[in-house]
Amino acid sequence: MSTSGYVALLVSALVTLLLRVLPILLMSRMRLGATARSWLGFIPASIMAAMVAAELILKPEWSSSGLSISALAAAVATVCGLISRSLFVTVLAGVAAFMGLQFWLG
Amino acid sequence: MKKNQSRFETVFVDPAVTPQEQNSISNTDPSSQPTVPGREDGAGALFKAGVIACLPTILGYWSIGFACGAIGTVSGFSPLEIVLLSGLLYAGSAQFLFYSLYAAGAGALSIVAGVLLINLRHILMSSYMAMYFQRSTAMQKLIGGALLTDETFAVAVQYGNRHGDLPFAWLLGLNVTAWLNWIVANLMGALLAAALPESLVHGLGFSLVSMFIALLLMTWLASRQRMLELLAVAISVLVVAVFVKRLEANLVILLATVSAATVATVVLNRQRESRGGPRP
């Protein structure tokens, strides 16, 4: 990497650090009202749902017959997750379904 | 700790969680221990529990880290540079972006701008986490925030929801395990880039999506207001579906999150008002 590459790396790392640390540093001193706390309480589910949706829409994996392999595998993972209530089982089921569907339908 | 708990009780403590649900996440419940979390011998046990809580996400870190390191090598980066990137930047999507932009000859400014954009969502995560750092030292806030990732955030959210508290030793165990695994996975990917079958890397890539589905489900199952959470999820997905191909993806994720949380909060406030005062 060139000098400018290292500069880009260090500044990128610093920017990322600030994004992660500043809200904790600033907001941990505040006493938030009930509405603000409720709002923040909905952030985890909303942000994870948005990331899953964006991944599925932007990187679809199509079978030869036009089915979305990634959406099917996501559905399998969801069902397995609801039944098992286990992170590990859900992740393994999703990956296994994705690879299996890719093999059989791809 | 008791004082800290009561402060967030209305939103963050879920009294309806069954013992079975609690066991599925962690076998160590700090509230059952006499020692104060983060002090004396309790800290060691909490750290260990944090390490254990990280284990379900390891497959995700390894598959993505592996692929990320391999792409670094393919893009012409040395193993040392790849380790530096994964240790300092510590963000999969930002590293992918860094490699591709740098290899394409982009300047430092556009690389930094891209990394900023792709990591903007961490502001919302960090804001949420701030709740649990009210009595922490500045150093704990710095370390706790510095190692925040999508995965550690989601795992920590579950712990916080269940216990109403996020002991620093537990968070440190989770964070350090995730961080070290990420660096090692990147290095292994960098070294084994040529030997990996492409289809395997591609298939493992889906573990990222599976993991977020899993983390979302666990968060939802532990929630005390599942209908409203479901509403938030539906709005978030809808906003992404409508805008993700028209705007920059990371901005759409922010937009979706903010609108979903806002609508859910408005509905919640209306429910509270119609019931006349605080919930039972």
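Predicted model: local features only at pLDDT ≥ 70, side-chain atom pairs only at ≥ 80, totals over all residues.

Residues are numbered from 1 along each chain as its sequence is written, chains are lettered from A and ligands numbered from 1 in the order in which they are written, and side-chain values use heavy atoms, with hydrogens and water left out.

**Interface of chain B and chain A**

- Chain B contributes 97 residues to the contact and chain A 69 residues (heavy atoms within 4.5 Å).
- About 7,300 Å² is buried between chain B and chain A, and carbon and sulfur atoms give 77% of this area (accessible area, 1.4 Å probe, that two parts lose on being put together, summed over both).
- Helix α13 (residues 206–221) of chain B supplies the largest share of the chain B side, 16 residues (helices are DSSP runs of H or I, at least four residues, numbered from the N terminus).
- The side of chain B that touches chain A has 66 nonpolar, 21 polar and 10 charged residues (Ala, Val, Leu, Ile, Met, Phe, Trp, Tyr, Cys and Pro count as nonpolar, Asp, Glu, Lys and Arg as charged, and the others, Gly among them, as polar).
- Between chain B and chain A there are 0 salt bridges (a side-chain nitrogen of Lys or Arg within 4 Å of a carboxyl oxygen of Asp or Glu).

**Largest pocket**

- The largest pocket has a volume of about 1,200 Å³ (the space filled by probe spheres set on grid points joined across faces, edges and corners).
- A pocket is an open set of points on a 1 Å grid over the protein atoms alone, where a 1.4 Å probe fits, with protein on both sides within 12 Å along at least five of seven lines; lining residues have an atom within 4 Å of a point.
- The lining has 47 residues, and Glu55(A), Lys59(A), Ile64(B), Phe96(B) and Leu208(B) lie nearest the centre of the pocket.
- Helix α4 (residues 58–74) of chain B gives the largest share of the lining, 7 residues.
- By class, the lining has 28 nonpolar, 10 polar and 9 charged residues.

How values were computed: Helix = DSSP H or I, 4+ residues; strand = E, 2+ residues; numbered from the N terminus.
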